[in-house]
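User: Let's walk through this two-chain model together. Can you take my questions one at a time?

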Amino acid sequence: MTGSTELTDEAIRKAEPVLMGFARRAVHREEVARDLVQDTFVAAIENRSRFEGRSSLRTWLVGILSRKIIDHFRKTKRELLTDVPPEPDSPSRFAPAPESPPETRLDHRKAMEVVEAGLAQLSELERLAVLLCDVEQVDRAKACNMMDVKPTHLRVLLHRGRHKLRKVLEDAELRPSGT
Amino acid sequence: MLSCDQVARELSDAIDGETPLWTRLQMRLHLAMCRTCRRVAGSLERTVDVLRSLRDAPPDRGDDEHDGHG
């Protein structure tokens, strides 16, 4: 999918694989992901006049989808979005795993599989923050808008999500047989 | 000088260029002298690099029943 600003129904529909991938990673339920992507298409087609081309079509659609995902999280969790992270960070959270021998380092493809699976260990908001900022490479200001969180909250979500995935990757490399 | 814990907290921001100049300088000084934090920094950068690779590699299905906490 390119960064084209052309906003035809076909262009929107062509984004389906990208949006389904994002939704699958975010909610981990196929049926829910499909519903969210369909809702995104409806919203995009109805609001196409709001697409001003300042961001790519992909980013715009991912933004709509992210808001649908947040709404889904709100409906399924009574206490989800707070301004203040619920727990203080403990120093041990950031400690590196024991150094593994060079020969156990995973190749890039295997590392992608490990990190992909590791996304399930993040909280919903940590996962969404990482998906937006790292996978989709949306800047933090836009991600805050998409997630309806303050910059300080996004900062904590990214920090925790990334370090959790770092430990997942390090732990996988400590086990020579892999995951 | 920054402690290891302080450096760990700043690493994520540093990856995104969100760290103030003075803090960046202090981090560089710390990382020059602390092998453990260098490992954490390298590992975190690699993790983010792997995440960026996922952009063009969407997953096949999302049938996991895992339900994370918010």
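User: Which residues of α2(A) are buried?
Analyst: This is a predicted model, where local features need pLDDT of at least 70, side-chain atom pairs count only at pLDDT 80 or more, and totals for chains, interfaces and linings use all residues. Side-chain values use heavy atoms, with hydrogens and water left out, residues are numbered from 1 along each chain as its sequence is written, and chains are lettered from A, ligands numbered from 1, in the order written. Buried means under 20% relative accessible area, exposed over 50%, and partly exposed in between (1.4 Å probe, protein chains only). The buried ones are A:Val18, A:Leu19, A:Met20, A:Gly21, A:Phe22, A:Ala23, A:Arg24, A:Arg25, A:Ala26 and A:Val27.

User: What covers the buried residues of α2(A)?
Analyst: Helices here are DSSP runs (H or I, at least four residues; strands are E, at least two), numbered from the N terminus. This one is mostly covered, with 10 of its 12 residues buried. Going by contact (heavy atoms within 4.5 Å), the cover includes α3 (30–46), α4, α5 and α6 of chain A.

User: Is A:Thr59 buried or exposed?
Analyst: A:Thr59 sits in helix α4 (residues 57–76) of chain A. Leaving aside neighbours within four places in sequence, A:Thr59 is in contact with A:Val138, A:Lys142 and A:Met146. Its relative accessibility is 16%, so A:Thr59 counts as buried.

User: Over to chain B: why do the buried residues of α2(B) line one face of the helix?
Analyst: In α2(B), the buried set is B:Thr23, B:Gln26, B:Met27, B:His30 and B:Leu31. Looking down the axis, these buried residues line one face because they fall within an arc of 135°, the arc being that of the directions from the helix axis to the C-beta atoms. In general, an α-helix has 3.6 residues a turn, so residues three or four places apart point the same way.

User: And which residues are exposed on the other side of α2(B)?
Analyst: The buried residues of α2(B) are covered by parts including α1 (4–15) and α3 (35–53) of chain B. On the other side, the exposed ones are B:Leu21, B:Trp22, B:Arg28, B:Ala32 and B:Met33.

User: How many salt bridges are there between chain A and chain B?
Analyst: Contact links 47 residues of chain A with 40 residues of chain B. A salt bridge needs a side-chain nitrogen of Lys or Arg within 4 Å of a carboxyl oxygen of Asp or Glu, and B:Asp16 with A:Arg162 makes one at 3.0 Å, N to O. The count between the chains is seven salt bridges.
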